[in-house]
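Thank you for letting me take a few minutes of the meeting. Please have a look at the sequence and the model as they come up, and then I will walk through some details.

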Amino acid sequence: MAVVVRKLRSLANISPIRVCLVRNLSGTNNYMSQVAQEKVEPLTVVSQEDGIRSIVLNNPRKRNALSLAMLDSLKSSILTGLDDTNLRVIILSAEGPVFSSGHDLKELTSKEGREYHTQVFSRCTEVMSMVQDIPVPVIAQVRGLATAAGCQLVASCDIAVVSENSRFATPGVNIGLFCSTPGVALARSVPKKVAMEMLFTGFPISAHEALKHGLVSKVVPEEKLEDETMKIARKICETSRSVVALGKACFYSQVGLDRNSAYRQAEQVMVSNLSMKDGQEGIKAFIEKRHPTWSHDTETVH
């Protein structure tokens, strides 16, 4: 090595100090290049094929924390092209061993201030509500740990398919920040006493416990996670987007009503469904023993 350096110095007529500087500058440039590459990595990665949009949380170095930037990226990934009738279903998944660890605690210090904190939780509520308010179903595909607002995101999705090694927790109480907003989604997914134990202790529950209590839809071996999720997504793609949108809106609307009011609302929705072009097309196709041809729009025929 010393011979090589001496030869370089003699050829380039430069001093050992300058050789060292060149080496250091080269190392610095490589480091800065690596940092630049890391900075341009999107927080969510989006792709869409055959009506299925895949949104991947893409910040595994920070355990896919739901920072304000991540929430903004997730919001944009959901809303972009939402009116396109080719979009039929959304799958939310994550890169790395953690689905999401919840909020980025570095954003929740006094240094950021009350106004910023208000913005973080307001955006989080907006995104969680949006998942249920948009016209297409949203499926959580979960591998690994989902805690706090990450657990809230799973609870907010219409369907959740999870691997056997997945766990779910709301551990905020242990660091002095009760998971009040995650508790809203949790209380609407699991029995009250299960939710309260999770919120008061922060103890995680297993995938099978989550299934038993209604937090998730299906537990599968890790190697079958993607296939099982896609099976559900493809089945949804076989149906009418406009009919699914009507049914999804009705479901979430009636859940908060008393029984009689819920039935009255659902009755009206059924009648409206029958007046839709796709409502009548489905019935005609069944009677005529053929596959329906969906229009996917809200056009009415009577």
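Lysine 218 is partly exposed, because its relative accessible area is 31%, and in this predicted model its side chain forms a salt bridge with glutamate 228, the closest N and O atoms being 3.6 Å apart. Glutamate 228 counts as buried, because its relative accessibility is 16%, and buried here stands for values under 20%.

Glutamate 228 has a further partner, for its side chain also meets that of lysine 231 in a salt bridge, at 3.6 Å from N to O. Glutamate 228 and lysine 231 are 3 residues apart in helix H9, so about one helical turn separates them. Lysine 231 is exposed, with a relative accessible area of 51%.

Staying with charged pairs, let me turn to glutamate 222, which forms a salt bridge with arginine 143, and here the closest N and O atoms are 3.0 Å apart. Glutamate 222 lies in the loop between strand E10 (218-220) and helix H9 (225-237), and arginine 143 lies in the loop between strand E5 (138-142) and E6, so this pair ties together parts that are 79 residues apart in sequence.

In general, side chains of opposite charge can pair when their charged atoms come close. The count for this model comes to 11 salt bridges.

Let me step back to the chain as a whole. The protein chain has 302 residues, of which 40% are buried, and it holds 12 helices and 10 strands. Of the contacts with a separation of 6 or more, 67% are between residues 24 or more positions apart. The accessible surface comes to about 17400 Å², and carbon and sulfur atoms account for 56% of that area.

How far can we rely on what we see? The chain averages a pLDDT of 91, and 87% of the residues score at least 70. Over residues 1-26, however, pLDDT stays under 50, and for that stretch the model has 9 contacts beyond four places in sequence. Where pLDDT is low, the predicted coordinates should not be read in detail.

Now to helix H3, where serine 73 has its place. Which residues does serine 73 touch, leaving aside those up to four places away in sequence? They are Leu43 and Thr44, and with threonine 44 there is a polar contact of 2.6 Å between the side chains. The C-alpha atoms of serine 73 and proline 42 are separated by 8.3 Å, although these residues are 31 apart along the chain. Serine 73 is buried, because its relative accessible area is 18%.

Another buried residue is histidine 103, at 14% relative accessibility, and it is found in the loop between strand E4 (98-100) and helix H4 (114-133). Not counting residues up to four places away in sequence, histidine 103 touches Ala65, Leu66, Leu71, Leu108, Val120, Phe121, Cys124 and Ala149.

Two backbone angles also deserve a careful look. Most residues other than glycine have a negative phi. Arginine 63, however, has a positive phi near 55 degrees; this residue is found in the loop between strand E2 (52-57) and helix H3 (68-79), and it counts as partly exposed at 42% relative accessibility. Alanine 148 has a positive phi as well, near 50 degrees, and it lies in the loop between strand E6 (145-147) and helix H5 (149-156). Buried or partly exposed, what is alanine 148? Alanine 148 counts as buried, because its relative accessibility is 14%.

Last, the surface. Val173, Phe178, Met196 and Phe200 form a nonpolar patch there, with about 330 Å² of accessible area together. Of these, methionine 196 is found in helix H7 (residues 192-201), and at 31% relative accessibility it counts as partly exposed.

Terms used. Residues are numbered from 1 along each chain as its sequence is written. This is a predicted model: local features need pLDDT of at least 70, side-chain atom pairs count only at pLDDT 80 or more; totals for chains, interfaces and linings use all residues. Side-chain values use heavy atoms; hydrogens and water are left out. pLDDT is the predictor's confidence in each residue, from 0 to 100. Contact means heavy atoms within 4.5 Å. Patches are made of residues with over 30% relative accessible area and no salt bridge: like charges are joined within 9 Å, nonpolar side chains (Val, Leu, Ile, Met, Phe, Trp, Tyr) within 5 Å. Accessible areas come from the Shrake-Rupley method with a 1.4 Å probe; for residues, only the protein chains shown count as cover. A salt bridge is a side-chain nitrogen of Lys or Arg within 4 Å of a carboxyl oxygen of Asp or Glu. Helices (H or I, at least four residues) and strands (E, at least two) are DSSP runs, numbered from the N terminus. Buried means under 20% relative accessible area, exposed over 50%, partly exposed in between (1.4 Å probe, protein chains only). A polar contact is a pair of N or O atoms within 3.5 Å; within protein, one must be able to donate a hydrogen and the other to accept it, and residues adjacent in sequence count only if both atoms are side-chain atoms.
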